[in-house]
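Dear colleague,

I am handing over the structure below, together with notes on what turned up when I went through it. Please read the notes with the coordinates open beside you.

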Amino acid sequence: MLEKQVLRRIQTYVRPFRITSGKGFRLKDFDPGDTCGLKMDKGEAAELLQRGTEWLADEQDMLYAQDRWSLLLLFQAMDAAGKDGTIKHVMSGVNPQGCQVFSFKQPSAEELSHDFLWRYVKSLPERGRIGIFNRSYYEEVLVVRVHEEILERQKLPPQFVGKRIWDERLADIAHFEDYLTRQGVVILKFFLNLSRKEQKKRFMKRLEKPEKHWKFAPSDVHERKFWGDYMQAFEQAIRATSSRQAPWYVVPADNKWFTRLVVAAAIVEVVEQLGLAYPKVDAAKKKQLEAARAALAREK
Ligand code: ATP
Ligand code: MG
């Protein structure tokens, strides 16, 4: 258990960015440069983050031992918003055996031959595990919505490709998440909210550093032309799929240290509320343990 005071401090960094109802949600009300008035130096932020990740590592051990809940953390963002770095930092203390990361790229021919949720369902975390989706089924209402030629490749019967297709997909996603919740999957959805200006800065930096060139795709720059369309698609997705049980976190992403802090804080808050504990052993098991101890003690 966390001290109440620590938890309260954590909550102050999470609450402003958590969306539990999409009604009236507008992306432009959220500033990508927001830091909640915090002017921490990097060392301080790193220390706080480290405490959060150590705590998470302990909790993850209990999650695994309890074998009841699973945690699904999904990350969506424009390029260079820091998905990879955030995942790396926030999960750094966690036992790799209890945690799996899946990155979703352009679908394969096999994946295109199935319904759109198929490939994501296959990668859901088992009970007791933490699953991380680096991109997710939300791509189906983001990139596919912005570039409708991708939709054609999905080979849907034409009568299901109407004007309402995006609203229908969003409703399907919301229902899917309700279903998962009732199966014990705790869902947290992170939108790393980067400004167009900061993206340009980060692309320029990548171009300056040879060791970052592999990360650079010319198509990334091309996608900037569709920035407005993407933001609209994000806004509509967040509106249609924010709920108490599967909230969106619109995380300011222009300052990496703050992004990591908010994501870690959000996970800590939710996991804390699960009230995880190691399974209690019953009287019969206690007897077994006692017998085992006695047997070991007798060994020469
Ligand atoms: P990096 O930070 O390394 O660039 P990335 O997540 O951007 O990581 P990429 O290989 O660059 O990985 O890009 C994956 C691409 O796949 C993205 O452009 C994304 O929009 C696209 N993609 C993901 N899911 C789908 C989908 N269902 N249909 C079509 N395109 C998709
Ligand atoms: Mg990319």
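Predicted model: local features only at pLDDT ≥ 70, side-chain atom pairs only at ≥ 80, totals over all residues.

A80 sits in the loop between β2 and α3, where helices (H or I, at least four residues) and strands (E, at least two) are DSSP runs, numbered from the N terminus. The phi angle of A80 is near 70°, a positive value in a residue other than glycine. Most residues other than glycine have a negative phi. With a relative accessibility of 10%, A80 counts as buried; buried means under 20% relative accessible area, exposed over 50%, and partly exposed in between, with a 1.4 Å probe and protein chains only. A second residue with a positive phi that is not glycine is D67, at a value near 60°, and D67 belongs to the loop between α2 (42-66) and β2 (70-77). D67 counts as partly exposed, because its relative accessibility is 45%.

Residues are numbered from 1 along each chain as its sequence is written, chains are lettered from A and ligands numbered from 1 in the order in which they are written, and side-chain values use heavy atoms, with hydrogens and water left out.

As for the overall picture, the protein chain has 13 helices and six strands, and its C-alpha trace spans about 75 × 50 × 40 Å along the principal axes. Of the 300 residues in the protein chain, 47% are buried.

The six strands form an open sheet of mixed pairing in the order β1-β6-β5-β2-β4-β3, where two strands pair if DSSP finds at least two bridges between them. The edge strands of this sheet are β1 and β3 (99-103), each of which pairs on one side only. Strands of a sheet pair through backbone hydrogen bonds, either parallel or antiparallel. β2 and β5 run parallel and are joined by eight bridges, with S70 standing opposite V185 in β5. Strand β5 (residues 185-193) is also parallel to β6, to which five bridges join it, and here K189 stands opposite W248 in β6. On the other hand, strand β1 (residues 18-19) pairs with β6 in the antiparallel sense over two bridges, and I19 likewise stands opposite W248.

Strand β6 (residues 248-252) is mostly covered, five of its five residues being buried. In a regular strand the side chains alternate between the two faces of the sheet. In β6 both faces are covered, with W248, V250 and P252 buried on one side and Y249 and V251 buried on the other.

Turning to the ligand, there are 16 residues around ligand 1, of which D79, K83, K105, R135 and E140 come nearest; a residue is near a molecule or strand if one of its heavy atoms lies within 4 Å of it. An N or O atom in the side chain of D79 is 3.0 Å from an oxygen atom of ligand 1, a polar side-chain atom of K83 lies 3.1 Å from an oxygen atom of the ligand, and for E139 the corresponding distance to a ligand oxygen is 3.2 Å. Ligand 1 exposes 630 Å² when taken alone, and the protein buries 80% of that, the accessible areas coming from the Shrake-Rupley method with a 1.4 Å probe; for residues, only the protein chains shown count as cover. The elements giving two or more residues to the shell around ligand 1 are α3 (83-90), α5 (118-121) and α6 (143-146).

E140 is placed in the loop between β4 (130-134) and α6, and is buried, because its relative accessible area is 5%. The side chains of E140 and Y120 are joined by a polar contact of 2.9 Å, a polar contact being a pair of N or O atoms within 3.5 Å; within protein, one must be able to donate a hydrogen and the other to accept it, and residues adjacent in sequence count only if both atoms are side-chain atoms.

With regards
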